[in-house]
Amino acid sequence: MPAKPAPIKKAPSKKAAPKTAEKKAEPAPAPEPAPEPAPAAPAPAEAAPAPAEVAPAPAEAAPAPAEAAPEAPPAEAAPAPPPEVPTSAPLNVTVEDVNDSSVTIKWRPPETIGDSGLDGYTVEYCKDQTTDWVVVNAEPTESNRLVIKDLTKGDVLHIRVVAVNPGGRSEPGVLAEPVKVTEVVDRPKIRLPRFLRSRLVKKNGQQINIVIPFVGKPKPVVTWTKDGQPLDPKKVSVRNSDKDSILFIRTAERDHSGNYEMTVKVESFEDKATIVIQVVEPPGPPTSIKLVDSWGFNAALEWTPPKDTGNTEITGYTIQKADKKTGEWFTVLEHYHRLTATISDLIMGNSYSFRAFAENKCGRSEEAAVTKTLATIQKTGIVYKPMEYKEHDFSEAPKFTTPLSDRAATVGYTTKLLCAVRGCPKPKIEWMKNQMIIGDDPKFRQISNQGVCSLEIRKPCSFDGGIYTCRARNAHGEATVACKLEVKQVLLPEADKK
């Protein structure tokens, strides 16, 4: 039997080439030489195709030397960026306002925002007993407040707020309780400023600008009247807003004075406030002034109040005099409240005219009332007769108005005893120690001045203590007062005693 032909190893196919490259560019194996054929006849025929299959091997193995070069160390890859993270939920979602067509909500930013930042907020709502959430704002809003408009009256809404950033949507911040779309009626209330609760006084020509805040829902209807009549828009301007009303007068005049009533009304509820405005100006002159009498160096005057008080009370009068020779006016009385006055210290031989001005909060009147007759001070015939007064008897026995007080003195330190006495005639003062008259002892100094009696004891010693008595005596009687004086030793520290 002829021998079997030797097996022929095929060269690696083209599909195997990439795998060799993955295995660190190992060189391609060289084709194994075919074994010598057996002497059998059919062997050359079967072995003939072997060179054809082996031939492509050198072509695939050609790039092997380049891939087998020394391998460079791989470069370190850059760290991957942290993943985007959404924020925490918005906080404190509350209702700010609600009416029959809109709801205004507000909220606070999330507690945790992170590195991704915050693009804005999206507000959503759904009707009660439904699950369909409606997005209010297509684009995120950066504000922490939003008005949801075009709502149906009577609907009950659940509202939530979602924070948006590159990491996506946050957990929603949900309104604690559903809100009903309806107008909330709030009784109107006028917040009248304190300074307007009393009379508002303005000078003629000044500007009046009054702002009066109020509250109420829905928007209250504000009306103004003056003394029960509608305001004249040509004289007074009124501007109303949701929260206050402004009364404006560009140039105040006398006819702007009066009682202004402001009414704020919501449905059947209303509140009223009254403002009293008083526009004042300088008064007119006194109606008349006349010279009542003149004697010696004096002149008596009398005048009547002005007809025009300037829309306020008269606070006083100014009186001036002028000598006939010079004609110059000098003020003799200012801010005087009475309607009669006596002008003194006039010069003998001169003749005087007098005039009076009225005064109020705005100032002095522009014109004055002038006397029609002159006050002439005569040179002769002046006899002064003093008035007789009955002499009063001021005699009085001595009486101590301030008694002596017990005292404690320190050895070597001068002390003083004080008391006060009155009496007429002036009483004689005597000082005694332990019922013995002190007299002119140089250790003691006795002073009596304007009823104040004092006894000064110079550098007392322990023997100067005792009962001291002050006696006042005059023709109508006598009075005494006493006190106890205690003289103490100075306590020295232990170190000084040694």
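1. Pocket, as a term. On a 1 Å grid over the protein atoms alone, a pocket is an open set of points where a 1.4 Å probe fits, with protein on both sides within 12 Å along at least five of seven lines. Lining residues have an atom within 4 Å of a point. A volume is the space filled by probe spheres set on the points, which are joined across faces, edges and corners.

2. Basis. This is a predicted model: local features need pLDDT of at least 70, side-chain atom pairs count only at pLDDT 80 or more, and totals for chains, interfaces and linings use all residues. Residues are numbered from 1 along each chain as its sequence is written, and side-chain values use heavy atoms, with hydrogens and water left out.

3. The largest pocket. Its volume is about 320 Å³. The lining has 13 residues; Asp-97, Gly-216, Lys-217, Lys-219 and Asp-242 lie nearest the centre. β12 supplies the largest share, 4 residues. By type, the lining holds 6 charged, 5 nonpolar and 2 polar residues. Here Asp, Glu, Lys and Arg count as charged; Ala, Val, Leu, Ile, Met, Phe, Trp, Tyr, Cys and Pro as nonpolar; the others, Gly among them, as polar.

4. The chain overall. There are 36 strands and 6 helices (DSSP runs: strands E, at least two residues; helices H or I, at least four). Of the 498 residues, 32% are buried (under 20% relative accessible area, 1.4 Å probe, protein chains only).

5. Nonpolar cores. A core is a set of buried Ala, Val, Leu, Ile, Met, Phe, Trp, Tyr and Cys residues joined through side-chain atoms within 4.5 Å. The largest has 22 residues, and Ile-210, Ile-212, Trp-224 and Ile-277 touch the most other members. β12, β13 (221-226), β16 (244-249), β17 (258-266) and β18 (269-280) each give at least two residues to this core. The contacts of Trp-224 include Ile-212, Leu-231, Leu-247, Tyr-260 and Met-262. A second, separate core has 21 residues, among them Phe-400, Leu-417, Cys-419 and Ala-472.

6. Ala-409. This residue sits in strand β29 (residues 407-410). Ala-409 counts as buried because its relative accessibility is 6%. Leaving out residues up to four places away in sequence, Ala-409 touches Thr-415, Pro-460, Leu-485, Glu-486, Val-487 and Lys-488. Pro-460 is 51 residues away along the chain, with 7.9 Å between the two C-alpha atoms.

Conventions. Buried means under 20% relative accessible area, exposed over 50%, partly exposed in between (1.4 Å probe, protein chains only). Contact means heavy atoms within 4.5 Å.
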